[in-house]
Amino acid sequence: MTIKIIMDTDPGIDDAAALTMAINDPQIDLALVTSVAGNVTVDKTTKNAQKIVRFFNADVPVAAGAQQPLTKEFEDAARIHGESGMPGYDFPEDLPKPLDMTAVEALHKYIMESDENITLVPTGSYTNIALLFSEYPEVKTKIDRIVAMGGSLGMGNMTSAAEFNVFTDPDAAKIMYQSGVPIVMIGLDITMKALLTPESLTKLEHMNEAGKMLHDIISNDGDKSEAGSAMHDVNTIFYLLHPEAITTKDMWIDVITDGPAIGETVGDIRGAYHDGKTNAKVAVDIDAAAFNKWFLEEVSQIKD
(Lines give C-alpha, C1' and ligand atoms only; values in the text may rest on other atoms or scores of the structure.)
Protein backbone atom coordinates (compact mmCIF):
# COMPACT_ATOMS: atom_id res chain seq x y z
CA MET A 1 0.00 0.00 0.00
CA THR A 2 1.42 3.38 -1.02
CA ILE A 3 1.14 6.74 0.71
CA LYS A 4 0.00 9.48 -1.66
CA ILE A 5 1.78 12.74 -0.90
CA ILE A 6 2.32 16.26 -2.17
CA MET A 7 5.60 17.94 -1.24
CA ASP A 8 5.63 21.70 -0.75
CA THR A 9 9.29 22.56 -0.64
CA ASP A 10 12.13 25.06 -0.98
CA PRO A 11 15.19 23.14 -2.28
CA GLY A 12 17.73 23.50 -0.58
CA ILE A 13 20.07 20.63 0.02
CA ASP A 14 18.12 18.58 2.54
CA ASP A 15 14.91 19.23 0.57
CA ALA A 16 16.64 17.71 -2.47
CA ALA A 17 17.48 14.62 -0.43
CA ALA A 18 13.87 14.39 0.78
CA LEU A 19 12.63 14.65 -2.81
CA THR A 20 15.08 11.92 -3.80
CA MET A 21 13.55 9.55 -1.25
CA ALA A 22 9.97 10.51 -2.14
CA ILE A 23 10.52 10.01 -5.87
CA ASN A 24 12.28 6.67 -5.55
CA ASP A 25 10.69 4.80 -2.66
CA PRO A 26 7.97 2.47 -4.01
CA GLN A 27 5.85 3.01 -0.91
CA ILE A 28 5.51 6.72 -1.71
CA ASP A 29 3.28 8.07 -4.48
CA LEU A 30 4.52 11.62 -5.09
CA ALA A 31 1.64 13.30 -6.94
CA LEU A 32 2.88 16.90 -7.09
CA VAL A 33 5.72 19.17 -6.02
CA THR A 34 5.07 22.82 -5.22
CA SER A 35 7.80 25.35 -4.53
CA VAL A 36 8.00 28.25 -2.11
CA ALA A 37 10.51 30.96 -1.28
CA GLY A 38 12.67 29.88 1.64
CA ASN A 39 16.23 28.60 1.47
CA VAL A 40 16.59 30.70 -1.68
CA THR A 41 14.19 32.72 -3.84
CA VAL A 42 11.24 30.93 -5.41
CA ASP A 43 12.63 31.06 -8.94
CA LYS A 44 15.64 29.10 -7.66
CA THR A 45 13.66 26.68 -5.47
CA THR A 46 11.38 25.94 -8.44
CA LYS A 47 14.36 25.30 -10.70
CA ASN A 48 15.98 23.10 -8.05
CA ALA A 49 12.83 21.01 -7.67
CA GLN A 50 12.78 20.61 -11.46
CA LYS A 51 16.45 19.56 -11.40
CA ILE A 52 15.73 16.70 -9.00
CA VAL A 53 12.65 15.60 -10.96
CA ARG A 54 14.67 15.71 -14.20
CA PHE A 55 17.66 13.94 -12.63
CA PHE A 56 15.47 10.92 -11.92
CA ASN A 57 13.35 11.31 -15.09
CA ALA A 58 10.33 11.28 -12.80
CA ASP A 59 6.82 11.97 -14.06
CA VAL A 60 6.03 14.45 -11.29
CA PRO A 61 4.59 17.91 -12.04
CA VAL A 62 6.10 20.99 -10.41
CA ALA A 63 4.21 24.24 -9.70
CA ALA A 64 5.81 27.50 -8.62
CA GLY A 65 4.50 29.08 -5.43
CA ALA A 66 4.73 32.06 -3.13
CA GLN A 67 7.54 34.53 -3.72
CA GLN A 68 7.43 35.99 -0.24
CA PRO A 69 5.85 35.45 3.19
CA LEU A 70 2.32 36.67 3.96
CA THR A 71 3.41 39.78 5.85
CA LYS A 72 7.00 39.39 7.06
CA GLU A 73 10.02 40.51 5.09
CA PHE A 74 11.65 37.61 3.25
CA GLU A 75 14.98 36.35 4.58
CA ASP A 76 16.66 33.42 2.84
CA ALA A 77 19.24 30.83 3.96
CA ALA A 78 21.72 31.17 1.10
CA ARG A 79 24.48 31.34 3.71
CA ILE A 80 23.73 27.66 4.43
CA HIS A 81 22.60 26.36 1.03
CA GLY A 82 24.68 28.55 -1.29
CA GLU A 83 23.46 31.12 -3.80
CA SER A 84 21.85 28.51 -6.05
CA GLY A 85 20.42 26.49 -3.17
CA MET A 86 21.92 23.23 -4.47
CA PRO A 87 25.64 23.75 -5.21
CA GLY A 88 28.22 21.07 -5.86
CA TYR A 89 26.73 18.99 -8.69
CA ASP A 90 26.20 19.66 -12.41
CA PHE A 91 22.52 18.89 -13.01
CA PRO A 92 20.94 18.57 -16.45
CA GLU A 93 19.72 21.88 -17.84
CA ASP A 94 16.97 20.51 -20.13
CA LEU A 95 14.37 20.94 -17.42
CA PRO A 96 10.63 20.28 -17.72
CA LYS A 97 8.46 23.37 -17.60
CA PRO A 98 6.51 24.05 -14.41
CA LEU A 99 2.74 23.79 -14.54
CA ASP A 100 0.87 26.73 -16.02
CA MET A 101 -0.81 27.42 -12.69
CA THR A 102 0.23 28.67 -9.29
CA ALA A 103 1.15 26.33 -6.47
CA VAL A 104 -2.12 27.13 -4.69
CA GLU A 105 -4.15 26.40 -7.83
CA ALA A 106 -2.23 23.16 -8.37
CA LEU A 107 -2.63 22.10 -4.74
CA HIS A 108 -6.37 22.71 -4.94
CA LYS A 109 -6.71 20.83 -8.24
CA TYR A 110 -4.61 17.79 -7.30
CA ILE A 111 -6.11 17.45 -3.82
CA MET A 112 -9.74 17.78 -4.91
CA GLU A 113 -9.31 15.50 -7.94
CA SER A 114 -7.47 12.78 -6.02
CA ASP A 115 -9.34 9.51 -5.55
CA GLU A 116 -7.85 9.22 -2.07
CA ASN A 117 -6.94 11.62 0.69
CA ILE A 118 -3.55 13.30 0.39
CA THR A 119 -0.72 13.66 2.91
CA LEU A 120 0.84 17.11 2.62
CA VAL A 121 4.57 17.26 3.30
CA PRO A 122 5.75 20.88 3.62
CA THR A 123 9.50 21.17 4.07
CA GLY A 124 9.83 24.93 3.56
CA SER A 125 7.84 27.86 4.86
CA TYR A 126 4.10 27.20 5.00
CA THR A 127 3.00 30.16 2.88
CA ASN A 128 1.41 28.07 0.11
CA ILE A 129 -0.44 25.96 2.69
CA ALA A 130 -1.82 29.03 4.44
CA LEU A 131 -2.96 30.58 1.16
CA LEU A 132 -4.56 27.28 0.13
CA PHE A 133 -6.55 26.99 3.37
CA SER A 134 -7.59 30.64 3.17
CA GLU A 135 -8.74 30.50 -0.46
CA TYR A 136 -10.00 26.90 -0.64
CA PRO A 137 -10.99 25.71 2.86
CA GLU A 138 -12.87 22.78 1.32
CA VAL A 139 -9.55 21.00 0.68
CA LYS A 140 -9.15 20.30 4.38
CA THR A 141 -11.55 17.38 4.28
CA LYS A 142 -9.43 15.76 1.53
CA ILE A 143 -6.15 16.00 3.46
CA ASP A 144 -5.30 12.99 5.58
CA ARG A 145 -2.62 14.83 7.56
CA ILE A 146 0.25 17.26 7.29
CA VAL A 147 3.75 15.99 8.06
CA ALA A 148 5.67 19.24 8.34
CA MET A 149 9.35 19.88 8.86
CA GLY A 150 9.71 22.88 11.12
CA GLY A 151 9.53 24.19 14.63
CA SER A 152 11.20 23.28 17.87
CA LEU A 153 10.28 22.80 21.52
CA GLY A 154 13.61 24.27 22.54
CA MET A 155 16.34 26.26 20.86
CA GLY A 156 15.92 27.48 17.31
CA ASN A 157 18.38 27.61 14.41
CA MET A 158 17.39 31.04 13.05
CA THR A 159 17.16 32.79 16.39
CA SER A 160 17.52 31.40 19.89
CA ALA A 161 13.75 30.82 19.81
CA ALA A 162 12.80 30.10 16.18
CA GLU A 163 13.42 27.37 13.63
CA PHE A 164 13.95 28.61 10.05
CA ASN A 165 10.80 27.37 8.27
CA VAL A 166 8.47 28.81 10.89
CA PHE A 167 10.55 31.99 11.26
CA THR A 168 10.36 32.58 7.50
CA ASP A 169 6.57 32.92 7.63
CA PRO A 170 5.19 32.69 11.17
CA ASP A 171 1.77 34.01 10.11
CA ALA A 172 1.43 31.12 7.69
CA ALA A 173 2.54 28.65 10.36
CA LYS A 174 -0.13 30.01 12.72
CA ILE A 175 -2.82 29.53 10.06
CA MET A 176 -1.66 25.97 9.43
CA TYR A 177 -1.61 25.02 13.12
CA GLN A 178 -5.07 26.51 13.62
CA SER A 179 -6.51 24.76 10.54
CA GLY A 180 -7.89 21.70 12.29
CA VAL A 181 -6.04 19.37 9.90
CA PRO A 182 -4.01 16.68 11.75
CA ILE A 183 -0.36 17.75 11.90
CA VAL A 184 2.87 15.93 12.69
CA MET A 185 5.60 18.40 13.64
CA ILE A 186 9.03 17.14 12.60
CA GLY A 187 11.23 19.74 14.25
CA LEU A 188 14.75 20.38 15.43
CA ASP A 189 14.11 18.21 18.49
CA ILE A 190 14.78 15.18 16.29
CA THR A 191 16.44 16.53 13.15
CA MET A 192 19.47 17.65 15.13
CA LYS A 193 19.76 14.16 16.60
CA ALA A 194 19.47 12.24 13.32
CA LEU A 195 22.55 13.67 11.61
CA LEU A 196 23.89 11.97 8.51
CA THR A 197 27.27 10.86 9.83
CA PRO A 198 30.56 11.50 8.01
CA GLU A 199 30.84 7.73 7.55
CA SER A 200 27.44 7.61 5.86
CA LEU A 201 28.32 10.57 3.64
CA THR A 202 31.53 8.86 2.50
CA LYS A 203 29.62 5.70 1.58
CA LEU A 204 27.25 7.70 -0.65
CA GLU A 205 29.96 8.91 -3.02
CA HIS A 206 30.73 5.53 -4.59
CA MET A 207 27.28 3.97 -4.29
CA ASN A 208 25.63 5.06 -7.57
CA GLU A 209 24.98 8.30 -9.45
CA ALA A 210 22.22 9.30 -7.02
CA GLY A 211 24.62 8.71 -4.15
CA LYS A 212 27.31 10.80 -5.83
CA MET A 213 24.84 13.62 -6.44
CA LEU A 214 23.71 13.60 -2.81
CA HIS A 215 27.28 13.32 -1.57
CA ASP A 216 28.32 16.31 -3.64
CA ILE A 217 25.51 18.64 -2.61
CA ILE A 218 25.51 17.54 1.06
CA SER A 219 29.27 18.18 1.16
CA ASN A 220 28.43 21.82 0.35
CA ASP A 221 25.85 22.11 3.14
CA GLY A 222 26.68 24.76 5.72
CA ASP A 223 24.51 23.03 8.31
CA LYS A 224 27.02 20.48 9.53
CA SER A 225 29.47 19.73 12.30
CA GLU A 226 32.05 17.05 13.09
CA ALA A 227 29.12 14.83 14.14
CA GLY A 228 27.48 15.03 10.73
CA SER A 229 25.11 16.90 8.42
CA ALA A 230 21.57 17.89 9.41
CA MET A 231 19.12 16.31 6.97
CA HIS A 232 16.09 18.08 8.46
CA ASP A 233 13.57 17.56 5.65
CA VAL A 234 14.44 13.92 5.01
CA ASN A 235 13.01 13.11 8.44
CA THR A 236 9.49 13.72 7.08
CA ILE A 237 9.85 10.84 4.63
CA PHE A 238 11.55 8.67 7.25
CA TYR A 239 8.58 9.27 9.55
CA LEU A 240 6.07 8.32 6.85
CA LEU A 241 7.86 5.04 6.21
CA HIS A 242 9.13 4.23 9.69
CA PRO A 243 6.98 5.91 12.34
CA GLU A 244 8.14 3.29 14.84
CA ALA A 245 11.61 4.90 14.82
CA ILE A 246 10.27 8.28 15.94
CA THR A 247 8.64 9.06 19.28
CA THR A 248 5.85 11.65 19.20
CA LYS A 249 3.87 13.42 21.88
CA ASP A 250 0.42 14.97 21.39
CA MET A 251 0.29 18.62 22.41
CA TRP A 252 -0.98 22.05 21.43
CA ILE A 253 1.41 24.22 19.40
CA ASP A 254 1.10 28.00 19.38
CA VAL A 255 3.13 30.13 16.98
CA ILE A 256 4.56 33.51 17.99
CA THR A 257 4.06 36.02 15.17
CA ASP A 258 5.77 39.16 16.49
CA GLY A 259 8.33 40.45 18.94
CA PRO A 260 11.77 39.06 19.76
CA ALA A 261 10.45 35.46 19.84
CA ILE A 262 8.84 35.71 16.39
CA GLY A 263 8.68 32.29 14.76
CA GLU A 264 8.85 30.33 18.00
CA THR A 265 6.64 27.24 18.29
CA VAL A 266 5.44 27.01 21.87
CA GLY A 267 4.33 23.56 22.93
CA ASP A 268 1.90 23.17 25.80
CA ILE A 269 4.00 20.30 27.15
CA ARG A 270 2.03 20.07 30.40
CA GLY A 271 -1.37 20.22 28.72
CA ALA A 272 -2.18 23.08 31.05
CA TYR A 273 -3.45 25.88 28.83
CA HIS A 274 -5.79 24.52 26.15
CA ASP A 275 -8.40 22.52 28.08
CA GLY A 276 -6.65 19.28 27.20
CA LYS A 277 -6.90 19.94 23.46
CA THR A 278 -4.03 19.17 21.08
CA ASN A 279 -3.36 20.22 17.50
CA ALA A 280 -0.19 18.30 16.66
CA LYS A 281 1.84 15.16 17.16
CA VAL A 282 5.28 16.52 17.99
CA ALA A 283 8.36 14.40 17.27
CA VAL A 284 10.49 14.34 20.40
CA ASP A 285 12.97 11.48 19.85
CA ILE A 286 14.42 9.41 17.01
CA ASP A 287 16.56 6.34 16.40
CA ALA A 288 19.50 8.09 14.72
CA ALA A 289 21.27 4.84 13.80
CA ALA A 290 18.12 3.55 12.11
CA PHE A 291 17.85 6.83 10.19
CA ASN A 292 21.41 6.51 8.83
CA LYS A 293 20.88 2.86 7.93
CA TRP A 294 17.62 3.66 6.14
CA PHE A 295 19.14 6.62 4.28
CA LEU A 296 21.92 4.48 2.82
CA GLU A 297 19.57 1.61 1.98
CA GLU A 298 17.19 3.96 0.16
CA VAL A 299 19.95 5.42 -2.00
CA SER A 300 21.59 2.05 -2.67
CA GLN A 301 18.38 0.78 -4.28
CA ILE A 302 18.17 3.61 -6.82
CA LYS A 303 19.15 2.38 -10.28
CA ASP A 304 21.38 4.54 -12.49
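This is a predicted model: local features need pLDDT of at least 70, side-chain atom pairs count only at pLDDT 80 or more; totals for chains, interfaces and linings use all residues.
Lys72 lies over the face of Phe167, 3.9 Å from the centre of the ring.

**Lysines over rings**

- In the pair that opens this briefing, the ring under Lys72 belongs to Phe167.
- Lys140 also lies over a ring face, that of Phe133, at 5.5 Å from the ring centre.

**Aromatic pairs**

- The model holds eight aromatic pairs.
- One of them joins Phe55 and Phe56 edge-to-face, with 4.8 Å from centre to centre and 85° between the planes.
- Phe55 is buried because its relative accessibility is 16%, and buried means under 20%.
- Phe56 counts as buried too, with a relative accessibility of 15%.
- Another pair is made by Phe291 and Trp294: the ring centres are 6.0 Å apart and the planes meet at 40°, so this pair is tilted.
- Phe291 and Trp294 both belong to helix H12 (residues 288-300), where they sit three residues apart, so about one helical turn separates them.
- Phe291 is buried at 0% relative accessibility, and Trp294 is buried at 4%.

- Eight strands form an open sheet with mixed pairing, in the order S3-S2-S1-S4-S5-S6-S13-S10.
- Strand S3 (62-63) and strand S10 (246-251) are the edge strands; each has a single partner strand, so one side of each has no neighbour in the sheet.
- Strands of a sheet pair through backbone hydrogen bonds, and the pairing can be parallel or antiparallel.
- Strand S4 (residues 118-122) and strand S5 (residues 143-149) run parallel and are joined by three bridges.
- Ile118 has Ile143 in S5 as its bridge partner.

**Helices on the sheet**

- Helix H5 (residues 127-135) packs on the sheet, where it touches strand S1 (3-9), strand S2 (28-35), S4 and S5.
- The direction of H5 makes about 150° with that of S5.
- Helix H7 (residues 170-177) lies across S4, S5, strand S6 (183-186) and strand S13 (280-286).
- Relative to S6, helix H7 runs at about 140°.

Notes:
Residues are numbered from 1 along each chain as its sequence is written. Side-chain values use heavy atoms; hydrogens and water are left out. Rings of Phe, Tyr and Trp (its six-membered ring) pair if their centres lie within 6.5 Å; planes under 30 degrees apart count as stacked, over 60 as edge-to-face and the rest as tilted. Buried means under 20% relative accessible area, exposed over 50%, partly exposed in between (1.4 Å probe, protein chains only). Helices (H or I, at least four residues) and strands (E, at least two) are DSSP runs, numbered from the N terminus. A charge sits over a ring if NZ of Lys or CZ of Arg is within 6 Å of the ring centre and within 35 degrees of the ring normal. Two strands pair if DSSP finds at least two bridges between them. Contact means heavy atoms within 4.5 Å. Axes are lines fitted to C-alpha atoms, for helices over the stretch in contact, and angles run from 0 to 180 degrees between N-to-C directions.
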